[in-house]
Amino acid sequence: MDPFQTLGIEPAFELDSKDLEQRHRELSRALHPDRHVGKTPGERRHALGRAIEVNDAYRIVKDPVRRAEALLARLGLSVEEGAEPKAAPEFLMEVMEQRELLSEARAKRDRAGLERLRATIEAQQADALGRLARAFAATTPDSAALLGALGELRYFARFLEEAGAIEDELL
Amino acid sequence: MVLLDIFDPKAPPRAIGIDLGTTHSIVAAMRDERPMALVTCDGTALLPSVVYYGDHGNVVVGQAARGFSARAPERTIASVKRFMGRGAADEQTKKLGTYRFADAAADERVVHFDVGSRVVTPVEVSAEILRSLAQSARDHLGAVGGAVITVPAYFDDAQRQATKDAAKLAGLTVLRLLNEPTAAALAYGLDKKQNGTFAVYDLGGGTFDITLLTLDDGIFQVRSTGGDSALGGDDMDRVIAEEMLAAMGCATEASRTPEVVSVVLDAARQAKHALTDALVAEVELPKLGGGHVMYRLERAHFEDAIAPLVERTGRAARRALRDAGLAPTDVDGVILVGGSTRVPRVRAYVRELFGQEPLADIDPDLVVAYGAAVQAELLASESDEVLLLDVLPLSLGVETMGGGVDKILPRNTTIPAGAKSVFTTYADDQTGFVIHVVQGERELASDCRSLARFVLSGIPPMPAGMARLEVEFFVDENNLLQVEARELTTGLTQHVEVQPSYGLTDEQVEAMLIDALDHGEADLEARRLADARVEAERILLATRKGLATDADLLEPEEAARIERAMSALGEAIETATKPARLQLCLDELDDATHRFAGQRMNRAIAAAIAGRNLMDVEKTVEHAAGVDAHLLAHGHPVEEESR
């Protein structure tokens, strides 16, 4: 399933989140089960199936990592994790340091430290997003650059998710 | 705004909204485009959620039942909502209370109360409350159609299912299980006609919910929700009750008889209510061994004692803000819901948390029922002015081999939602497969809420790892889980046997339904036939409506087959004596209209997108092409006129 097609939007990495939200709402207005209360069971089934499809597509397109994967799939590139080229040694070193800082913050219940770490990662995430967007915008996309930036983004997303779980513990 | 009397015997069935609360329940309906709470059998809108079971099978609900609680505490069930969808070994059952539990060994999945004359489940107790409310509604409105019943946003699947079962048992058609905070927002939103981002802080008798949502031209979109389905005003009462018991000299378990606990919980509640306006409350308590003791409670002390409870709400609120990607300053208004938000300390805490004065201009006890009545009317009238887009409150996952959790749908996903997972066999010639579905945020499956075990059977014998089982999980608009499974190599749809981890099976609900009716099975059969007739007529009407607008989508043979199916159904409505015959005709009509229904949906999607073309022509020409391509890719021809 191509989420861009499901939503009826132009496949692109950079998109206006307001437009995306607007489209999701238009389709929800047409498809949400509440709009089909009085219909036949068949119509309700179809509406439910389509509404689920639209919500799923919306979730994919909203998430930069999954949006990039969907675009790469359109380009015929493998999007499996691990398909990306090996990360630079400097990046791996940094990753290890950050992970250490994260477990330290957790052990010390250091919310301020966690906050700082989150800000650092978010800045790096923004940078990787920019690189990915530029790579997608290129006339002939460079698959190594695309997959490299995607690999980093995946890492940052997971890191932030873990940081979030730790924040939950400390809240 | 309490509705007194508008009885009209010829009135058409009216949809109602029900707030089935921990301490109080309320039924409301629309009148002159405004929600109104209906007076219950107690003469007020608030019906205490208390049920008394007498010796001779008589059941009393509401204020009168509460009157029995001091004399017959074990026969009087209060706060039953805490037990909905919970197992006998659940933490909730161990909190201070007057309940006497029946031997749980028989069925660990459901709590059983021993009320002397019989044993009842939380679903049956809740059904009594719903029955009483439905009767009050009938007294006011004449006939009652479907009902929207509210549930805490943070209720899990088992708790929602239990609520739905209770409604079924009470003979109510559930139009929707609606999240309480969303209901409150609906009541406020329609009142204020204001767009923006809102937080709903809902602290009730037994549950806490925090919901963040945006309101934009009739669309209420929930951004995130969080909470604690075991935190509320009852817990404040318990904190005070413990101190009172100590003052009375009731230190030992043995001295805490149900009669004593009942008196103390009541006194604690009264003291709490008094402290809303007063700075000191005094209550007289019986002393162990005779005599009385005067118990004095200062507001400052009360506030210190409940501080840990209040702070727990902050944790959930901060997490919900983070999940929504919002800062407290992004929130345009904070709506207070639930009687416990009357506690001054709670109000002050919310003010600090969001840095603004919270809104409480609609009675926090009634606002949820108002919202439910609004939604009931919207659904019954098929209005398209307002749409609620709600979310899954807790992540859904499947237990992995190591006891971990493979998340299939994360919390705060917009519903309806679905996800597919592929599983494989781990032994040669394995023909069955157990899938354990859990709900929650913890890493280990054993720490999450167990929802159900699905047995996939009838897998053809194959070497290990060869079978490919695709399991599809759906969360519908009621936030209820449904499962379908397919074996991919053979294409066989697998039989899915649902065994809920908590709550009742369909058969148990059925048996209760038969018990509840005077003539059991015969009555149930008659009721089913009547229901099936109504449903068949509704479907005939809906089909005709569809044909009237979109007949051009039909192939000639298709049209003829639909005609035949319709006339067969029309005849069955007149003559059928068994619901099964109606069902057969309904199935044929469903099959005959399957393609047509899909085509109509395609047209609706195209129209939804085309609606924007008018405003933004250049951009959406490409968009429309995208959808056309999608429809073509899915094997549906595109209709010219829908572009």
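1. The largest nonpolar core has 203 residues, and among these B:Ile16, B:Ala28 and B:Ala369 touch the most other members. A nonpolar core here is a set of buried Ala, Val, Leu, Ile, Met, Phe, Trp, Tyr and Cys residues joined through C-beta atoms within 7 Å. A residue is buried if 20 or more other C-beta atoms lie within 10 Å of its own, exposed if 12 or fewer, and partly exposed in between, with C-beta atoms placed from the backbone. Helix H9 (residues 367-380) of chain B supplies the largest share of this core, ten residues. A second, separate core has 14 residues, including B:Ile539, B:Leu540, B:Ala542 and B:Met566.

2. The model is predicted: local features need pLDDT of at least 70 and side-chain atom pairs count only at pLDDT 80 or more, while totals for chains, interfaces and linings use all residues. Residues are numbered from 1 along each chain as its sequence is written, and chains are lettered from A and ligands numbered from 1 in the order in which they are written.

3. Which residues does B:Ala28 contact, leaving aside its neighbours within four places in sequence? They are B:Ile16, B:Gly17, B:Pro35, B:Met36, B:Ala37, B:Leu38, B:Ala369, B:Tyr370, B:Ala372 and B:Ala373. Contact means that the C-beta atoms of two residues, placed from the backbone, lie within 7 Å.

4. B:Asp32 lies in the loop between strand S3 (24-31) and strand S4 (34-38) of chain B. Helices (H or I, at least four residues) and strands (E, at least two) are DSSP runs, numbered from the N terminus. Although B:Asp32 is not a glycine, its phi is positive, about 50°. B:Asp32 is exposed, with 5 other C-beta atoms within 10 Å.

5. Chain B has an open sheet of three strands in the order S22-S25-S26, with antiparallel pairing. S22 and S26 of chain B are the edge strands, each with a single partner, so one side of each has no neighbour in the sheet. From one strand to the next the twist averages 20°. Two strands pair if DSSP finds at least two bridges between them.

6. Strand S22 (residues 417-424) and strand S25 (residues 468-475) of chain B pair over eight bridges, and B:Val422 has B:Glu470 in S25(B) as its bridge partner. S25(B) pairs with strand S26 (residues 481-487) of chain B over seven bridges. In S26(B), B:Gln482 stands opposite B:Phe474, and B:Val483 stands opposite B:Phe473. The hairpin of S25(B) and S26(B) has five residues between the strands, and B:Asn479 in this hairpin takes a positive phi near 65°.

7. The loop between strand S21 (405-409) and S22 of chain B holds B:Pro416. A cis peptide bond, with omega about 0°, joins B:Ile415 and B:Pro416. B:Asn412 is also in the loop between S21 and S22 of chain B. Phi of B:Asn412 is near 70°, a positive value in a residue other than glycine. B:Asn412 counts as partly exposed, with 19 C-beta neighbours inside 10 Å.

8. Where is B:Met462 found? B:Met462 lies in the loop between strand S24 (449-457) and S25 of chain B. B:Met462 has 18 C-beta neighbours inside 10 Å and so counts as partly exposed. Not counting residues up to four places away in sequence, B:Met462 touches B:Thr425 and B:Ala467. B:Met462 and B:Glu525 are 63 residues apart along the chain, and their C-alpha atoms are separated by 44 Å.

9. Chain A is divided into domain 1 (3-62) and domain 2 (89-170), with bounds that come from an automatic or database domain assignment. Taken over C-alpha atoms, the centres of domain 1 of chain A and domain 2 of chain A are separated by 30 Å.

10. Helix H5 (residues 89-108) of chain A has 20 residues and reaches 29 Å from its first C-alpha to its last, close to the 28 Å expected at 1.5 Å a residue. The expected span is 1.5 Å times one less than the number of residues in the helix. Of the 20 residues of H5(A), one is buried, so H5(A) lies largely in the open. Just after H5(A), A:Arg109 takes a positive phi of about 50°.

Key
Axes fitted to C-alpha atoms, helices over the stretch in contact; angles between N-to-C directions.
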